[in-house]
Structure formats: C-alpha cells, structure tokens
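These are my notebook entries on a structure that I looked through element by element. I set down what I looked up and what I found.

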Amino acid sequence: MPPGIQFRDVSFRIPARGSSPDRLLLDSISFTIDEGSTTAILGRSGSGKTTLLRTVNRMVDATSGEVFVAARNVRDADLIALRRGIGYVIQETGLFPHFSIERNVGVVLEAEGRGKTERRRRSNELLTAVGLDPDSFAARSPNQLSGGQRQRVGLARALAAEPGILLMDEPFGALDPLTRAEMQDMLRALLARLHKTVLLVTHDLDEALYLADRIVLLDQGRLVANLPPEEFLRSTEPEIVSYVRAFHRGERLARGEHQAANTGGPA
Amino acid sequence: MTGFLSQYGSEITTLTFEHLWLTGAAILAAVAIAVPTGIALTRAPQWAKPVIGVANILQTIPSLALFGFLLPLPWLGERAARIAIVALTAYALLPILRNTYTGIRGIDPAVLEVARALGLTGRQRLFMVELPLAASFILAGLRTATVTCVGIATIAAAVGAGGLGELIFRGVASVDNRLVLAGAIPAALLALAADAALGLLERWFKAPA
C-alpha cells in the first residue's frame, strides 16, 4: 500500500519585508489524502496550491502545522530519503539538459548508487510505460524532444525509484489541448496500474475531474472544498459554483445558454 | 637570423618553459581559489557583490605596481618567482570567480529545483548538475585568465622572476629589437595556443550531450 498524506493545520507565512507586509499563503489547511488515491488541488494563481504541494517533500517547510507522510511527520524524516521516496513532476519538466533521456530517467537510481544495468533496464521499462520507444528515445538529448515527450520523460524519471507518492505541479499546463488529453489518458492508465498516492496541482477543472478521486479547492490559502468530483460539480457553495462556472463558458455560449456564460461573480 | 637563433635558441626555450611554469602555477592556484569561492557565493549570493568587487579591485592594480608591492614582503620577497605567481594568481581570480558564479547562477532554476526535489544530495547536485552545466562558462573564464596571465607574466621579469619578459626587458635596455621580438613572439604564440586549446575544450563542454 502506498503511503497516505495528511495535512494538519498547515500554515505558511511569508514574513514582512521592506514595504511589503507579511502574507499568509496557507491558512490552517487540514485534510487527508488516502493511500493510493489521487487528489487534485484547484484554485486561482496565488491561492497557495504549489506551496501546499511543496510542503510534502519539504521543498518548503510549513511555518506552523504538520505534514505527515505514511503517518510520519515529514520534519522527522531524513530529507534525502523522504524526497527520493516522492516523485516530483513540474510543468517546466526540469530535465537535465546535459544528460541523455536514459540518464535523466535513471537519475534517482544513479544518486542511490545503483548499477548501470539496473538503471538501463528500469529506464527502458519506464519509457515504455509512458509511451516512448526506448530504442529510439533512450540516447536522445532532452532538447531533441517535443513538449509532450519531455513531460513523459519527466514522469518516467519521477517514477524510477518506485516512489509511493507522486507530486505533480501543473504537469500538462504548457501543452496544447490534444497533447494534454493524450497525456491525461496515459497518466490515468498508468495510475490505474501502478497504484500511487497522487497530489496534482492544476488549473484545469476538466483535468481534475478526469484524473482525481477528490478535488480540493483553495482560495487565498484557505481550503474551500474537499469533495469527490461528482459532488464538487453539484455543490451549491458559491466559491465552488463560480469556479465551475468559469469553465466551458464558450461551450455554453455556443449552445445558446447566454446567461450561464456569466461566472456569477460580482457584476 | 640563424646566428641569432643559435646564440639565443636555448635561452628562449628555457625562458619559455619558465614563462609556462609561472603562468601554469598561477592559473592552478587561481582555479583552486576561485572555483570553490564562486561555488560558495552561489550559496550565499549576498556576498557575491563584495567578494567579486575585491577581485575586481585586484584586477585594476597596475601589474608593475603589484609586483613592486609584493617585493618587500617576508617569504614572498625572497624568491622572485613567488612574487610573480602570487601576482598572476591575483589577476586570474576575477574572470574565473565571476564566471563560476554566473555560470551556476545562470542554470535553469527548474533543473536545480528538480535536482533538489528528487533527493540528490548537495554534493551530487554540484558534481552531477551544477558544475557540468556551468563548465563552459568556467572554462571561458579560465581562458580569459590564462591569456591575460601569459601577457602579464612578461612583466614579472622586472622583479627578476624570469620568463620571456627577460628578453624583452634586455632588448629594450640595449635597444635590440631582435631581443624584444625573441621574447614577444613566443609569448604571443603561447597566448594564442592557450586560447585555442581552452577554446576547443570550452566548445566540447558546450556541445549537447
């Protein structure tokens, strides 16, 4: 069973600096992510989504409150071991430009001192799993790949050391809609097979509905909702309603539902 | 001409090697100081400005004056070669230091972020990611430093440190242009050779893996 994640009263405050006052980026967030489930975090830019995600592998430390991974406070864990046990995928991919694709995928195994044969085998396995033919991709350099292909490599790299948890920060945000849909299909199939605990930050409601078991909505650092997709869509909470309405406006307009095109926010 | 060469040939060779030794030792010392310092500055960027500023000031001291300043110092003053190496090291610091710092600071932040998030240790990040990605920058600094030092090393002869400058100074004193050229031409060739060799190395590092 992959580990679960628990946030307990997690706050994150940026202290005042010069003329800018202090800012509360996360405001007492508490919720639990069950083992093996996928949770999407939605919210406006600046609502604290990425910061919350980054408290899990301690890329930032919560200024108060606790984060637990597998019922263990992340502060008590060995930092390197904690991070190696958590896959990390970001929109910019951050592939190492001077490494071949194969070396990129195997980098965590390399950091752990595993042998070349094992790294190669694992890299071939994972490239295949994310839909890239190892024979044609393993030796290439990241700059020879398209955005979607790079994102696949980023995912393969995150999975290489068999982490129980996968943190994904807008992984497909920079891709065109068709490529994004392909990536979502690939990820969905992969997750159904691999059974990971996933935290997915996204701007895209459709992506959240398609991939997640639960949807968390953040607004100005506060947790507004933590619901299964179908309940999220049906919710009458004003903040959720306005978020949901912000999507598919064009579609509704084209169907002639003019009124519905309004987000319902203040006029 | 052949007479000149047969008279001075062996001396030119000896002085060329001396020149190489002075420059080489200074560059090695400068790398040993500037690369770690540059790396340290990327960890504490608030220090970058003052520290690079000091290296900058060193660079502005006229070389003849710097040789002169070092002359009365204990231990250093005993051997002219020591003075020369210390002074040349001081001149080589800035380009290497600055390029090490900017080279590492210029790495795509997403790459560094992922290296950290995937659990690479500080040492692994340095040797697997930062130094390889900054290598072409660091080499470019090394190249500038080397070419500068080969030139400045000719002035080391003024304090008796030897090197090709000795022929130049003697040529100037005796108004013998052949002697001046006997020092200047090998010095220029050394500089060009160092520039070309380090340029090749730099390009090799810049090429995508």
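**Entry 1. Helix pair in chain B**

I began with the contact of H6(B) and H8(B), taking residues as in contact if their C-beta atoms, placed from the backbone, lie within 7 Å. From H6(B), I listed B:Ala135, B:Ser136, B:Leu139, B:Ala140, B:Leu142, B:Arg143, B:Thr146, B:Val147, B:Val150 and B:Gly151; they meet B:Ala187, B:Leu190, B:Ala191, B:Ala194, B:Asp195, B:Leu198, B:Gly199, B:Leu201, B:Glu202, B:Phe205 and B:Lys206 of H8(B). By class, this contact holds 13 nonpolar, 4 polar and 4 charged residues. Ala, Val, Leu, Ile, Met, Phe, Trp, Tyr, Cys and Pro count as nonpolar, Asp, Glu, Lys and Arg as charged, and the others, Gly among them, as polar.

I note that this is a predicted model, in which local features need pLDDT of at least 70 and side-chain atom pairs count only at pLDDT 80 or more, while totals for chains, interfaces and linings use all residues. Residues are numbered from 1 along each chain as its sequence is written, and chains are lettered from A and ligands numbered from 1 in the order in which they are written.

Helices (H or I, at least four residues) and strands (E, at least two) are DSSP runs, numbered from the N terminus. H6 covers residues 122–152 of chain B and H8 covers residues 177–206; I found their axes 9 Å apart, at an angle of about 180°. Axes are lines fitted to C-alpha atoms, for helices over the stretch in contact, and angles run from 0 to 180 degrees between N-to-C directions. H6(B) and H8(B) are therefore roughly antiparallel, a term for angles over 145 degrees.

**Entry 2. A second pair in chain B**

I then turned to H1 (residues 2–43) and H4 (residues 80–105) of chain B, which pack with axes 6 Å apart at about 35°. H1(B) and H4(B) cross in the right-handed sense, where the near helix is turned clockwise from the far one by less than a right angle. I sorted the residues of this contact into 22 nonpolar, 6 polar and 1 charged.

**Entry 3. The sheet of chain A**

In which order do the 6 strands of the open sheet in chain A lie? I read E6-E7-E8-E3-E9-E10, with mixed pairing; strands pair if DSSP finds at least two bridges between them. E6 (86–90) and E10 are the edge strands, each pairing on one side only. From one strand to the next, the twist averages 15°.

I followed the pairings one by one. E7(A) and E8 (residues 197–201) of chain A run parallel over 5 bridges, with A:Ile165 opposite A:Thr197 of E8(A). On the sheet I found H1 (residues 49–56) of chain A, which touches E3, E6, E7, E8 and E9 and makes about 155° with the direction of E8(A). H7(A) also packs on the sheet, touching E6 and E7 of chain A, at about 165° to the direction of E6(A).

E3 (residues 38–43) of chain A pairs with E9(A) in the parallel sense over 5 bridges, and A:Ala40 has A:Ile215 of E9(A) as its bridge partner. E9 (residues 214–219) and E10 (residues 222–227) of chain A run antiparallel, joined by 5 bridges. Here A:Leu218 stands opposite A:Leu223, and A:Asp219 is the bridge partner of A:Arg222. Their hairpin has 2 residues between the strands, and A:Gln220 takes a positive phi near 45°.

**Entry 4. Burial in chain A**

I counted a residue as buried if 20 or more other C-beta atoms lie within 10 Å of its own, exposed if 12 or fewer, and partly exposed in between. In E9(A), 5 of the 6 residues are buried.

Why does A:Val89 count as buried? I recorded A:Val89 in strand E6 of chain A; A:Val89 counts as buried because 25 C-beta neighbours lie inside 10 Å. Apart from neighbours within four places in sequence, A:Val89 is in contact with A:Gly154, A:Leu155, A:Ala158, A:Met168 and A:Pro171.

A:Gly164 lies in the loop between H7 (147–159) and E7 (165–169) of chain A. A:Gly164 is buried, with 20 other C-beta atoms within 10 Å. Leaving out residues up to four places away in sequence, A:Gly164 touches A:Pro2, A:Pro3, A:Gly85, A:Lys196 and A:Thr197.

**Entry 5. Where the chains meet**

Last, I looked at the contact between the chains, which takes 20 residues from chain A and 16 residues from chain B. On the chain A side, H2 (79–84), E6 and H4 (107–111) give two or more residues.

Definitions and conventions: Angles under 35 degrees count as roughly parallel, over 145 as roughly antiparallel, 65 to 115 as roughly perpendicular and the rest as oblique. Two residues are in contact if their C-beta atoms, placed from the backbone, lie within 7 Å.
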